[in-house]
Amino acid sequence: MLWKCFKMAINSVISNKMRSLLTMLGIIIGITAVISLVSLMSGLTSEVTDAFEEVGIEAISVAVTDRADTIELPVEHVDELAQKYPDIIQGYSPSVTMPAYIKDGTESVMSSATGVNEQYIDLYGYKIEYGRGITYIDVERMQKVCVIGTYIAKEFFDGDALGKTLQITGTPYKVVGIIEERSDSEKDSDDDCIYVPYTVAAHTVHSSKISRYIVYATNQETVEAAETLIEQLCDKDIGDDDYYTVIAMKAIAESLTSILDSMGAVLIAIAAISLVVAGIGIMNIMLVSVTERTREIGIRKSLGAKQRDILSQFIMEAGMLSCIGGVIGIAFGSLLAVGAGKLLDMNVLPTPASIIVSFTVSAAIGVFFGFMPAKKAAELNPIDALRYD
Amino acid sequence: MTPLVELKDVYKIYKMGDTSVHALDGISLTIEKGEFVAIVGQSGSGKSTCMNIIGCLDVATKGTYKLNGRRIGNYSQDELAEIRNKMLGFIFQQYNLIPKLTVLENVQLPLLYAGMRESEQRARALASLERVGLKAKAGNYPSQLSGGQQQRVSIARALAGEPSVILADEPTGALDSRTGREVMMFLQKLNREGNTIILVTHDNSIAARAKRIVRITDGRIVYDGPVEGDVTVMQMHGAGEEAPEDEKAKGAT
């Protein structure tokens, strides 16, 4: 019986191709919009999350902002804190940015180097491909050594950089290590980097004080605890919280994703309105169809069709229309999402959940908006229906 | 033996504003199994209302109607549908085949609604089509058949459910006289095979093919008896056999 109903519904959809297509158009557009938007938003969210995960979601950035150069958060204090709470703080590194003019033959190239300690490269999860990283000895003795990314190695040494000398703002630095390629070895990518001991960098920029630190919590759960510890330290050393900022990457990531989530929700709500309009379109066409087929309904009833037989026939038809529309919409939406992902250079794929939900919603729209016309058909009086021309 | 169809003092009253119209004005009628009865009357006489009640498409306002001993009272639409499905076979003037369905599917319809298995539906429908000599056309659509053939398909559909009563409403109305005669001969053959047939018509020459005539005028039975006796009634009421009379009556409604 159900199968027969299904076949009748398919026949009816096929025999009115043009009308069926126009009716489905609303659902197609609505579902296309929902699928592509959901996919894009989730692509964007994972892009953001990935970006943060690269830096490390456990990272906490500490900055001392003092123009007078009198306030200080000494390295020893941060080090002490890290020693004292090994299960909360995984490690830390000062971060001193140093402008760097690199001599390439006759011309100078503007770049920048970062002064770090021996933990930095490990904390960021960088891998040394050749040579070694910055060591404690380098920091203590202020040795003029550097670890470089593959872009620098390729650009200035044709890949063979280890043991050579790099001229940074007139000072020769010995290349002791090369970091494994992380991006595409192009300028301004992750591979365009130079690391030197922070003591050297601080000396170069004529500052004995360190104004920026990166602290890593042991894992995502201890980020808040680590943040509190650092804030307490800053409070003790600096006092006025106008002079320092402690920002956890996790908090930034969370607020960004929550903004993206609510943006996505608004977009989907707008797309959902088009689905309601589509449902009304289906209801309209089903009402026309019931009127057109009054005689057929009369015949079926005279032969013994019960109300629920007629009801299920018309609901099945409305459901069929919206389900086919839903499937086409899912296909279009997925294509659109993947295309947009290619264009924006993002990894955008429709999630299985969004596909299942879209299909269910389109089926539900058909049943919901098909119910009223179907009920009208089911309640027709067989005598009047038989006489209808 | 209980009569197949038993109408006892049946009224059908339609309210139209303040006035009420008596479409049936106290009809009593008994039809036994195996009869071939023609209910004759002009348009507006009440014969269609009478058929609707016998066919369980409508219920009487007053009086009792028993079909196969079962009283058809205040049943719901669905219950009436089930009774129609099990006990009645309809043949309509306009054939009333569903154009989108094949001949076979059309004949299967009452069996489908009876909840029969698909394979059994097919077998029964094909057997029924064979009886009307149209088994070869099972896969065709109604529009590919002639009027006479379509009417035979609708007869096959009426027979498929093995009903107690076959109700034919102007079965020859849309056919030319030759095919109309063929259809009537077929109905006579079915009657000889033991089927109870109730024919509703305005056409006296068609009615004459039945065994018994029930003539209805203004909602009352004015003659009920064998065909042979009907001639006098016809003369008394001046209801001519000529078509023009009927045409006029049709035009008036």
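Which residue in β8(A) stands opposite Gly131(A)? The points below answer this and cover the strand pairing in a predicted model.

1. Start with the question. Gly131(A) stands opposite Gly177(A) in β8(A). The strands involved are β5, residues 128–131 of chain A, and β8, residues 171–179 of chain A. They pair in the antiparallel sense over 3 bridges.

2. Next, look at β6 of chain A, residues 145–148. Strand β6(A) pairs with β8(A) in the parallel sense, over 4 bridges.

3. Strand β7 of chain A covers residues 165–168. Its pairing with β8(A) is antiparallel and has 4 bridges. Here Ile168(A) has Thr171(A) in β8(A) as its bridge partner.

4. Now the turn. β7(A) and β8(A) form a hairpin, with 2 residues between them. Thr169(A) lies in this turn and has a positive phi of about 50°.

5. Move to chain B. An open sheet of 4 strands is found there, in the order β2-β1-β4-β5, with antiparallel pairing. Strands β2 (19–31) and β5 (70–71) of chain B stand at the edges. Each has a single partner strand, so one side of each is left without a neighbour in the sheet.

6. Within that sheet, check β1 (residues 5–16) and β4 (residues 62–67) of chain B. They run antiparallel and are joined by 5 bridges. Leu7(B) stands opposite Tyr65(B) in β4(B).

7. Strands of a sheet pair through backbone hydrogen bonds, either parallel or antiparallel.

Definitions and conventions:
Residues are numbered from 1 along each chain as its sequence is written. Chains are lettered from A and ligands numbered from 1 in the order in which they are written. This is a predicted model: local features need pLDDT of at least 70, side-chain atom pairs count only at pLDDT 80 or more; totals for chains, interfaces and linings use all residues. Two strands pair if DSSP finds at least two bridges between them.
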